[in-house]
Amino acid sequence: MTEQFQYQRGNLGWIEVVCGSMFSGKSEELIRRLRRAQIARQRVQIFKPRLDNRYSEDHIVSHSDMKLKSQLVATANEILELVDGRTQVIGIDEGQFFDMQLVAVCNKLADMGKRVIVAGLDQDYRGRPFDPMPQLLAISEYITKTLAICVICGAPANRTHRLVDNTDRMLVGASDMYEARCRLCFEPPQD
Ligand code: ADP
Ligand code: ZN
């Protein structure tokens, strides 16, 4: 079946990625897109990784306190098990905390005709690409890069500066542990 034929049937899925530093508005943007779909009475399912229980167990939550109900999953493959065949739009927050399988899972869902929207950090606290976001960016149809405001100088900020002395790549925290900084004010850890 050609792509064009699938599109005429209204069955073309795709992947949207919203990425940037912490505090750049990724979750706000994800929630905005999902709310609009809900208002239009589309069937929406929202997932987030189980390890991120910062504010709310079963909601995706922005730093500005916007929230939407979500389902917790331990692995990317679990999303496939939980997706209802009738679901039209799938939102995934904190994409960087998923395993590499997330790429194949998003591809499969888009191939099935679903609109998949993934938000996540594009860089870790050292400024290195944060898997699996780079791979998702490569295969996605639409990319939005969000920027925060550098808390030191006010320039557009695309780096996440870690304030505490910890070298774990995954360390869940908010403004108690991180701040948004531009490339000039960002100081990567020395170790
Ligand atoms: P992300 O998901 O990218 O971490 P959120 O969508 O959760 O971002 O939060 C964005 C909100 O964070 C902004 O609307 C603002 O209220 C708040 N915020 C806190 N610090 C900053 C900053 N340095 N620059 C911009 N917004 C900030
Ligand atoms: Zn700066």
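This dialogue walks through a few features of one predicted model.

Student: What should I keep in mind before reading the numbers?

Tutor: This is a predicted model, in which local features need pLDDT of at least 70 and side-chain atom pairs count only at pLDDT 80 or more, while totals for chains, interfaces and linings use all residues. Residues are numbered from 1 along each chain as its sequence is written, chains are lettered from A and ligands numbered from 1 in the order in which they are written, and side-chain values use heavy atoms, with hydrogens and water left out.

Student: Which protein atoms are the donors of the zinc ion (ligand 2)?

Tutor: Donors are N, O and S atoms within 2.8 Å of the metal (3.2 Å for Na, K and Ca), and since water is not among the atoms, sites may look incomplete. Here the protein donors are the SG atoms of Cys-150, Cys-153, Cys-182 and Cys-185, which lie 2.3 to 2.4 Å from the zinc ion (ligand 2), and along the chain they follow the spacing C-x2-C-x28-C-x2-C.

Student: Why is the arrangement around the zinc ion (ligand 2) called tetrahedral?

Tutor: Four donors count as tetrahedral if all angles lie between 85 and 135 degrees; four count as square planar and six as octahedral if opposite donors are over 155 degrees apart and all others between 65 and 115, and anything else is irregular. The 4 donor atoms around this zinc ion subtend angles of 104 to 116 degrees, so the arrangement is tetrahedral.

Student: Is Cys-150 buried or exposed?

Tutor: Buried means under 20% relative accessible area, exposed over 50%, and partly exposed in between (1.4 Å probe, protein chains only). Cys-150 has 3% relative accessibility and therefore counts as buried, and Cys-182 and Cys-185 are both buried as well.

Student: Where is Cys-150 found, and which residues does Cys-150 touch?

Tutor: Helices (H or I, at least four residues) and strands (E, at least two) are DSSP runs, numbered from the N terminus, and Cys-150 is found in the loop between β9 (148-149) and β10 (156-157). Contact means heavy atoms within 4.5 Å; not counting residues up to four places away in sequence, Cys-150 touches Ala-155, Ala-157, Ala-180, Arg-181, Cys-182 and Cys-185.

Student: How many aromatic pairs are there?

Tutor: Rings of Phe, Tyr and Trp (its six-membered ring) pair if their centres lie within 6.5 Å, and planes under 30 degrees apart count as stacked, over 60 as edge-to-face and the rest as tilted. By this rule there are 2 aromatic pairs. Trp-14 and Tyr-142 form an edge-to-face pair, 6.2 Å centre to centre with 80 degrees between the planes. Trp-14 lies in strand β1 (residues 14-20) and Tyr-142 in strand β8 (residues 142-146), so the pair ties together parts that are 128 residues apart in sequence. Trp-14 counts as partly exposed at 27% relative accessibility, and Tyr-142 is partly exposed with a relative accessible area of 48%. The rings of Phe-97 and Phe-130 have centres 6.3 Å apart and planes at 85 degrees, so that pair is edge-to-face. Phe-97 and Phe-130 are buried.

Student: What do the polar contacts of Gln-96 look like?

Tutor: A polar contact is a pair of N or O atoms within 3.5 Å; within protein, one must be able to donate a hydrogen and the other to accept it, and residues adjacent in sequence count only if both atoms are side-chain atoms. The side chains of Gln-96 and Glu-94 are joined by a polar contact of 2.8 Å, while a polar atom of the Gln-96 side chain lies 2.9 Å from the backbone nitrogen of Leu-121. Gln-96 is buried, with a relative accessible area of 1%.
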